[in-house]
Amino acid sequence: MLTADIELAAFDWTPMAKLYGTFDGQGHVINNLYVNSGSYPLGLFGYMQSGSSVTKLGITGDVTCTAKSNAQAGGIAGYMNDNSAVTQCWSAVNVTSKKHGGGIAGYTNAKSVITDCYATGTIRSCLLYTSDAADDLIG
């Protein structure tokens, strides 16, 4: 549970590797998230595991994934596993990825859900395969 806004200016963020439970932002904002890495997945959280959730969170900043394969980058999560959920969140994160990039999540697996969310950042994705896509919310 987030109890106040967080300012991350001047910090290089290392994504929290895996979220297993619930992260409740309580309407607070994480400002100036900065990630630039050849690892993946990237975002505030790397992986959202099955059954995990993020709710009522705002986030701003920049996330860049330079990995050449399986690149997944998002403002909140790089990769959302089955049955994970993001609700009532917003992202003003600029995302750059060589494959999957999205303002909320870089990649969503089957049965993951994003509801009542929006993204306003710029998404840049170099599509390596014809089945890839860049989108405002998910890659």
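The radius of gyration used here is taken over C-alpha atoms, and the rule for a globule is 2.2 Å times the number of residues to the power 0.38. With that in place, we may turn to the chain itself, which is a predicted model. For 139 residues, a compact globule would have a radius of gyration near 14 Å; the protein chain has 13 Å, which agrees.

Let me continue with the overall dimensions. Along the principal axes, the C-alpha atoms of the protein chain fill a box of roughly 40 × 35 × 25 Å. The protein chain exposes about 6600 Å², and carbon and sulfur atoms supply 49% of that area. Of the 139 residues, 45% count as buried. Consider also the contacts between residues at least 6 apart in sequence: 78% of these join residues at least 24 apart.

What secondary structure does the protein chain contain, in helices and strands? There are 0 helices and 14 strands.

As a reminder, strands of a sheet pair through backbone hydrogen bonds, either parallel or antiparallel.

We can follow this sheet from strand to strand. Strand 2 and strand 4 pair in the parallel sense over 3 bridges. Here Leu 19 has Met 48 of strand 4 as its bridge partner. Met 48, in turn, has Met 80 in strand 7 as a bridge partner. Strand 4, residues 45–48, and strand 7, residues 77–80, are likewise parallel, with 3 bridges between them. Within strand 7, Ala 77 is the residue that stands opposite Phe 45.

Next, please look at strand 5, residues 53–65. Is strand 5 largely enclosed or largely open? It is largely enclosed by the rest of the structure, because 10 of its 13 residues are buried. Several strands pair with strand 5, and I shall take them in turn.

Strand 3 and strand 5 pair in the parallel sense over 11 bridges, and Leu 33 stands opposite Gly 61 in strand 5. Strand 8, residues 85–87, pairs with strand 5 over 3 bridges, again in the parallel sense; there, Thr 55 stands opposite Thr 87. Strand 9 pairs with strand 5 in the parallel sense over 8 bridges, and Val 63 faces Val 95 of strand 9 as its opposite residue.

This brings us to the interior. In soluble globular proteins, nonpolar side chains tend to be buried together. In the present model, the largest nonpolar core has 30 residues, and those with the most contacts inside it are Val 54, Leu 57, Ile 76 and Val 86. Strands 3, 4, 5, 7 and 9 each supply at least two residues of this core. Which strand gives the most to this core? Strand 5 does, with 5 residues.

Finally, I turn to two residues in loops. Gln 49 is placed in the loop between strand 4 and strand 5. Its relative accessibility is 16%, and because buried means under 20%, Gln 49 counts as buried. Leaving aside neighbours within four places in sequence, Gln 49 is in contact with Lys 18, Leu 19, Tyr 20, Asn 81 and Ser 84.

Lys 98, by contrast, is partly exposed, with a relative accessible area of 33%. This residue lies in the loop between strand 9 and strand 10, the latter covering residues 100–102. Lys 98 and Ser 52 are 46 residues apart in sequence, and their C-alpha atoms are 26 Å apart in space.

Thank you for your attention.

How values were computed: Residues are numbered from 1 along each chain as its sequence is written. This is a predicted model: local features need pLDDT of at least 70, side-chain atom pairs count only at pLDDT 80 or more; totals for chains, interfaces and linings use all residues. Side-chain values use heavy atoms; hydrogens and water are left out. Two strands pair if DSSP finds at least two bridges between them. Helices (H or I, at least four residues) and strands (E, at least two) are DSSP runs, numbered from the N terminus. A nonpolar core is a set of buried Ala, Val, Leu, Ile, Met, Phe, Trp, Tyr and Cys residues joined through side-chain atoms within 4.5 Å. Buried means under 20% relative accessible area, exposed over 50%, partly exposed in between (1.4 Å probe, protein chains only). Contact means heavy atoms within 4.5 Å. Accessible areas come from the Shrake-Rupley method with a 1.4 Å probe; for residues, only the protein chains shown count as cover.
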